[in-house]
Amino acid sequence: MLRLFSRRNVMAAGVVFFALLPFFANPYVLFIGNLALMYILLSVGLNMLLGYAGQLAFAHAALFGVGAYTTGLLKLELGLHYGLALVAGVGLATVTGLAVALPALRLRGLYLALATVAFAQATLWVFTHWNSVTYGGAGFRVPPLDFEPFTSRPDIGVYVLTFVIVLVSVPLGWNMLRSRVGRAWVAIRESEVAAESLGIDITRYKSIAYVVSAMYAGAAGGLFAGMLGIVTPESFDLFQVIVHFCMVIVGGLGSLWGGVLGAVGLVGLQEVLRAFRHLQEIAFGGLILFTVLVIPGGAVSLLKRYVPGWKEPLRRTEHDE
Amino acid sequence: MFAYLIASGISTGALYAMVAIGLVLVYRSTGHINFSHGELFMFGGFIAYTCFVILGMPYFVSLVVAVIGGFALGVLCDRTVYRPLIKAPALTMVLATVGFSFLIKGVARFFWGAREGGDYVAFPAAVDPSPIPVGGIMVFPQQLLVLGGAFFFVVVFTIFFRRTRWGKMMQATAENATAAYLSGIRVERVYTMTWGTGACIASAAAVLMAPLTLLSPDVGFNLLLRAFAATVLGGLGSMPGAIIGGFLVGIIESLAGGYIHTGLQEVSAFIIIIVVLVFRPAGLFGIRRLRET
């Protein structure tokens with residue numbers, strides 16, 4: 001009873017909820033659920049890079065876009081099977097992530113932030129201006145998906161696919177964070193000099209952080225193209241970066257489960273404000289500012305303090321701030 | 001063609017230089033980059049728009065009101081973002097200023113955006129808009145006004161920064177905040193002043209620029225990236241470098257847009273940032289010592 005709301009129970013309840021959602025939800029609610037699952041993938045990937053490895057990179061939305069464009073275009077132009085297109089999308093996003101990582105390894109802090117902001121804008125520019133391939137600013141429609149032997153409704157098909165991917169990749173990421181890799185990331189975040197003197201290969205582990213986070217972003221992008229059925233450059237602009245950042249920050253930087261909670265919680269907010277661009281900006285910008293100023297550890301730091309049984313290794317503790 | 005491109009590059013470059021000055025000013029004294037600087041610029045432009053177009057005040061009065069409003073907004077940024085996080089790591093500060101920038105952008109969109117036909121509003125020219133010949137090429141009077149205005153503000157700012165008491169206090173704080181504090185300078189006030197002054201110059205730049213382009217809540221981020229490119233090119237933290245970098249970015253953009261491909265005008269700033277940071281992080285004539293954060 002005392003540990004009713006422990007992390008394990010809450011997560012298990014979440015899994016059960018998302019598993020049962022297709023049975024009772026109407027298509028719109030199902031779509032929101034699907035978005036939430038996709039944002040979980042994004043937030044896990046971003047949290048690894050930003051929260052654990054401490055790399056202030058803005059390239060995440062661009063990689064998300066690369067995944068979405070690759071998947072959508074392969075499906076549209078070559079008529080590739082969605083699964084294959086998705087794998088290709090993840091592949092190209094990962095390669096792009098590696099391409100970002102190589103120069104980014106030389107940069108730190110503000111320099112890294114500036115370079116990756118520029119990279120994100122350049123990618124957006126390519127999406128908007130490379131008309132012959134990306135269909136320019138208006139974007140393109142992805143042909144309807146086909147999950148025929150399993151289900152006749154494509155939205156349920158994408159939902160289940162997203163759910164399965166989340167179910168596999170989030171625990172995978174969690175294990176990775178608790179392994180040598182995750183500990184190396186936290187050491188790099190706290191002090192590169194100290195990490196290096198402990199024998200941690202900084203180049204190697206930073207590259208791993210970029211590549212793994214790009215894989216999550218690419219998978220989320222491919223699923224996004226599939227569930228929305230339309231790909232436009234606007235979905236990957238700087239405001240999206242803010243939405244991703246907000247989820248991770250409000251949930252808790254450097255806490256995988258905090259990021260997951262943030263993703264699920266803020267999808268609802270985004271949907272409510274969908275029609276009001278200015279209110280979205282005020283809400284997400286304000287939430288980032290509020291969290292950073294008032295509860296630097298994010299929502300998860302409150303959970304840790306007030307809810308028994310909410311423990312997490314490698315989290316950012318109070319006196320780190 | 002060439003002379004025309006250079007001329008328009010110089011006049012936009014002057015604006016970039018003005019925005020970059022504010023960025024460098026804040027960076028030098030606090031060690032942080034203000035990611036909301038572009039939005040301070042945008043907001044200043046909209047304050048002038050309100051005065052000039054909606055309330056019908058003269059251009060010059062609008063400029064003054066916008067500069068004062070920009071100062072107030074810069075002070076607000078200092079009080080709400082910088083002061084509470086003064087000891088926080090660089091990462092936190094970047095996230096906070098990014099959040100603040102979107103907050104301002106949303107507020108601006110609430111007041112001035114989302115009209116029919118998009119978020120753009122036209123800012124009528126302050127002077128006769130027909131082009132006049134200067135030394136064989138046709139230039140818009142507004143471009144001359146921009147150039148003159150930018151020159152004026154840069155000179156005034158330089159005098160302020162080098163000769164006045166406040167300017168010297170800013171320099172001292174930038175050099176060594178602890179030593180400045182020990183010699184009786186109220187460092188916190190200097191920080192407030194620094195944020196305010198930076199936003200001031202950005203607002204003035206916005207008022208000068210608005211008649212040449214259109215004004216929209218999204219314009220700030222573009223200008224911020226141009227200013228980043230300018231500061232990075234000139235060496236992050238170098239004031240003359242930022243001014244020269246601003247002009248260079250303007251000219252490079254204009255030439256790339258004119259001779260290679262029009263689309264390149266938008267993207268050249270990003271390419272400059274990436275190339276300079278990867279291959280020569282100290283900038284063209286930058287400080288040798290590389291700051292880590």
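A residue is taken as buried if 20 or more other C-beta atoms lie within 10 Å of its own. By this criterion, 54% of the 293 residues of chain B count as buried in the predicted model. The radius of gyration of chain B is 19 Å, in agreement with the value near 19 Å that a compact globule of 293 residues would have. Along the principal axes, the C-alpha atoms occupy a box of roughly 55 × 45 × 35 Å. Among contacts in chain B with a separation of 6 or more, 75% are between residues 24 or more positions apart.

Chain B contains 11 helices and 2 strands. Their order along the sequence is α-α-α-α-β-β-α-α-α-α-α-α-α.

The crossing of α10(B) past α11(B) is right-handed. On the α10(B) side, the contact involves V249(B), I252(B), E253(B), A256(B), G257(B) and I260(B); α11(B) contributes L264(B), Q265(B), S268(B), A269(B) and I272(B). Classified by residue type, this contact has 7 nonpolar, 3 polar and 1 charged residues.

The C-alpha atom of G237(B) is separated by 10.0 Å from that of G283(B), a residue 46 residues apart along the chain.

Key. Residues numbered from 1 in each chain as written. Chains lettered and ligands numbered in written order. Predicted model: local features only at pLDDT ≥ 70, side-chain atom pairs only at ≥ 80, totals over all residues. Helix = DSSP H or I, 4+ residues; strand = E, 2+ residues; numbered from the N terminus. Rg over C-alpha atoms; globule rule 2.2 N^0.38 Å. Buried ≥ 20, exposed ≤ 12 C-beta atoms within 10 Å, placed from the backbone. Contact = placed C-beta atoms within 7 Å. Left-handed = near helix turned anticlockwise from the far one by under 90°. Nonpolar A, V, L, I, M, F, W, Y, C, P; charged D, E, K, R; others polar.
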